[in-house]
Amino acid sequence: MAYRHIVVTIDGSETALAAVKQAATLAKAFDSKVTAIYVLTAEPILGAEFMTLDAMQEEYLSEIREKAQQDLKQAEQLFAEQGISIDSKICEGFPVHHEIVESAKTLDADLIVMGSHGRKGFKKLVLGSVAQSVLGESHIPVLVVRG
């Protein structure tokens, strides 16, 4: 099976960098188009009090947008080292897994490559598993890479 368009998720983590490396290998092998996406979300755990402070919220969103841009630039550089140019996109929404699946669908991707943090126990219960949720919701094949 050849992959025409690969979506790789970026979140600034080491596992995301492992996913980038795997996506680059696949993109070279199949001459695929690649889009790197970064999903921004205001953490719902912060509560309504935080969300009502517009100036603080805007400063927070500005900082995470800047971080997302830096992380996407790093991914672009890693792909460029392999001779691959990519598109990048910042998405905003919640839950994160839904934004990943919808972005891949909108981009007409035929593969999602993402890292898994391998959370266990209480962290998995509280934070959930984005990779597991994407696997459950996506009709597009998903390659999960461990960091």
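Two strands are taken to pair if DSSP finds at least two bridges between them, and the legends below apply that criterion to a predicted model.

**View 1. Strands β1 and β2 of the predicted model run parallel and are joined by five bridges.** Strand β2 covers residues 33–40, and within this strand T35 is the bridge partner of V7. As a general point, the strands of a sheet pair through backbone hydrogen bonds, in either a parallel or an antiparallel manner.

**View 2. The open sheet is built from five strands in the order β3-β2-β1-β4-β5, with parallel pairing.** Its edge strands are β3 (87–92) and β5 (142–146), each of which pairs on one side only. From one strand to the next, the twist averages 25 degrees.

**View 3. Helices α1 and α4 lie across strands of the sheet.** Helix α1 lies across β1, β2, β4 (111–116) and β5, and runs at about 150 degrees to β4. Helix α4, made up of residues 96–106, lies across β1, β2, β3 and β4, and its direction is at about 155 degrees to β2.

**View 4. The largest nonpolar core contains 25 residues.** The residues with the most contacts inside this core are I6, V8, I10, V34, F79, I84 and V113, and the elements that contribute two or more residues to the core are β1, α1, β2, α3 (54–81) and β4. Apart from this core lies another one, of 14 residues, which include V101, A104, I112 and I140. In soluble globular proteins, nonpolar side chains tend to be buried together.

**View 5. The surroundings of V8 are shown with the residues that V8 touches.** When residues up to four places away in sequence are not counted, V8 touches A19, V20, A23, V34, T35, A36, I37, F79 and V113. V8, V34, F79 and V113 are also among the residues with the most contacts inside the largest nonpolar core.

**View 6. One aromatic pair is found in a search of the whole structure.** The ring centres of Y3 and F30 lie 5.4 Å apart and the ring planes stand at 90 degrees, so the pair is classed as edge-to-face, a label that applies to planes over 60 degrees apart. Because Y3 lies in the segment before β1 (5–9) whereas F30 belongs to helix α1 (residues 14–30), the pair ties together parts that are 27 residues apart in sequence. Y3 counts as buried, at 16% relative accessibility, while F30 is partly exposed, with a relative accessible area of 32%.

Terms used: Residues are numbered from 1 along each chain as its sequence is written. This is a predicted model: local features need pLDDT of at least 70, side-chain atom pairs count only at pLDDT 80 or more; totals for chains, interfaces and linings use all residues. Side-chain values use heavy atoms; hydrogens and water are left out. Rings of Phe, Tyr and Trp (its six-membered ring) pair if their centres lie within 6.5 Å; planes under 30 degrees apart count as stacked, over 60 as edge-to-face and the rest as tilted. Helices (H or I, at least four residues) and strands (E, at least two) are DSSP runs, numbered from the N terminus. Buried means under 20% relative accessible area, exposed over 50%, partly exposed in between (1.4 Å probe, protein chains only). Axes are lines fitted to C-alpha atoms, for helices over the stretch in contact, and angles run from 0 to 180 degrees between N-to-C directions. Contact means heavy atoms within 4.5 Å. A nonpolar core is a set of buried Ala, Val, Leu, Ile, Met, Phe, Trp, Tyr and Cys residues joined through side-chain atoms within 4.5 Å.
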